[in-house]
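Trainee: I have a structure open and want to learn to read it. Where do I start?

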Amino acid sequence: MDKDSILILSGGLDSTTLLHYMKDRIACALSFDYGSNHNSREIECASWHCKELGIQHIVIPLGFMKDYFKSSLLEGAGNIPKDEYDMENMKSTVVPFRNGIMLSVACGLAESRGLSHVMMANHGGDHSIYPDCRPEFTKAMSEAMKAGTYNGVTLIDPFTHKSKGDIAAIGAKLGVDYSHTYSCYCGGEKHCGTCATCRERKEAFRVAGLEDPTDYEE
């Protein structure tokens with residue numbers, strides 16, 4: 001199969017699974033350094049997996065987002081919610097229209113390289129929290145990308161209706177090394193183990209019936 005796609009790769013569990021799941025179609029993976037607490041740790045993991053698979057990895061700086069956008073994800077570990085992964089608790093971590101911005105850049109790069117698709121690993125657990133992960137957003141964004149490019153670039157989002165546990169199970173079958181992924185919004189050397197995203201990660205491995213390889217502080 002032709003390599004016809006760009007993948008937005010954070011270095012977390014979901015996008016890393018998609019990297020392995022669609023590796024035969026991915027011409028390059030694209031990470032964004034937008035100043036979040038955990039960017040550097042995620043990008044380090046993203047680079048590791050791309051090197052393992054022989055896929056080009058590009059990192060694009062989006063520093064203006066930290067300078068101008070409001071989100072606890074951009075304001076230091078002390079502002080990250082420590083309770084359950086749900087709408088009220090996690091709303092402060094929304095980076096306004098983050099995926100829209102990233103998809104726009106990826107779309108432009110795809111057209112520049114003559115590629116047909118951009119891939120994103122949004123999933124069902126994100127729908128209630130992040131507006132730019134919802135199916136209605138990805139469908140509309142794909143239509144906008146197609147209409148705004150000569151070669152009709154479209155968005156592929158195969159995990160939209162899957163849970164994080166489903167994704168972990170898929171990755172396990174593919175042999176994904178999840179010890180080289182990063183999910184903690186606090187951004188420490190180790191996963192904190194107590195923030196909402198760490199809780200979600202632990203639950204995903206539990207639901208999938210997998211041993212959690214993550215090194216947590218607690």
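Mentor: Start with a loop. This is a predicted model. H161 sits in the loop that links β5 to α7 (164-174).

Trainee: How far apart are H161 and A121, in sequence and in space?

Mentor: Compare the two separations. Along the chain they are 40 residues apart. C-alpha to C-alpha, the distance is 11 Å.

Trainee: Now the sheet. What is the order of its strands?

Mentor: The order is β3-β2-β1-β4-β5. The sheet is open, has five strands and pairs in parallel. At the edges are β3 (56-61) and β5 (154-156), each with pairing on one side only. On average, neighbouring strands are turned by 30° against each other, direction ignored.

Trainee: How many bridges join β1 to β2?

Mentor: Count them pair by pair. Four bridges link β1 (residues 5-8) to β2 (residues 26-33), and the two run parallel. Within that pair, L7 stands opposite A29 of β2.

Trainee: Which helices pack on the sheet?

Mentor: Look for contacts, then angles. Helix α2 (residues 39-53) touches β2 and β3, and its direction makes about 165° with that of β2. Helix α5 (residues 98-112) also packs on the sheet. It touches β1, β2, β3, β4 (117-119) and β5, at about 155° to the direction of β1.

Trainee: What unit do β1, helix α1 and β2 make?

Mentor: Follow the path from strand to helix to strand. With α1 (residues 13-21) between them, β1 and β2 form a right-handed β-α-β unit.

Trainee: What about the other neighbour of β1? How many bridges does β1 share with β4?

Mentor: Three, again in the parallel sense. Here I6 stands opposite V118 in β4.

Trainee: Which residues of β1 are buried on each side?

Mentor: Check the two faces separately. S5 and L7 are buried on one side, I6 and I8 on the other. Both faces of β1 are covered.

Trainee: Which residues of α8 are buried?

Mentor: First, the general idea. An α-helix has 3.6 residues a turn, so residues three or four places apart point the same way. In α8, the buried residues are A196, T197, C198, E200, R201, A204 and F205. Just past α8, G209 has a positive phi of about 70°.

Terms used: Residues numbered from 1 in each chain as written. Predicted model: local features only at pLDDT ≥ 70, side-chain atom pairs only at ≥ 80, totals over all residues. Heavy atoms only, no water. Pairing = 2+ DSSP bridges. Axes fitted to C-alpha atoms, helices over the stretch in contact; angles between N-to-C directions. Contact = heavy atoms within 4.5 Å. Buried < 20%, exposed > 50% of the residue type's maximum accessible area, 1.4 Å probe, protein only. Right-handed = clockwise from strand over helix to strand, strands pointing away.
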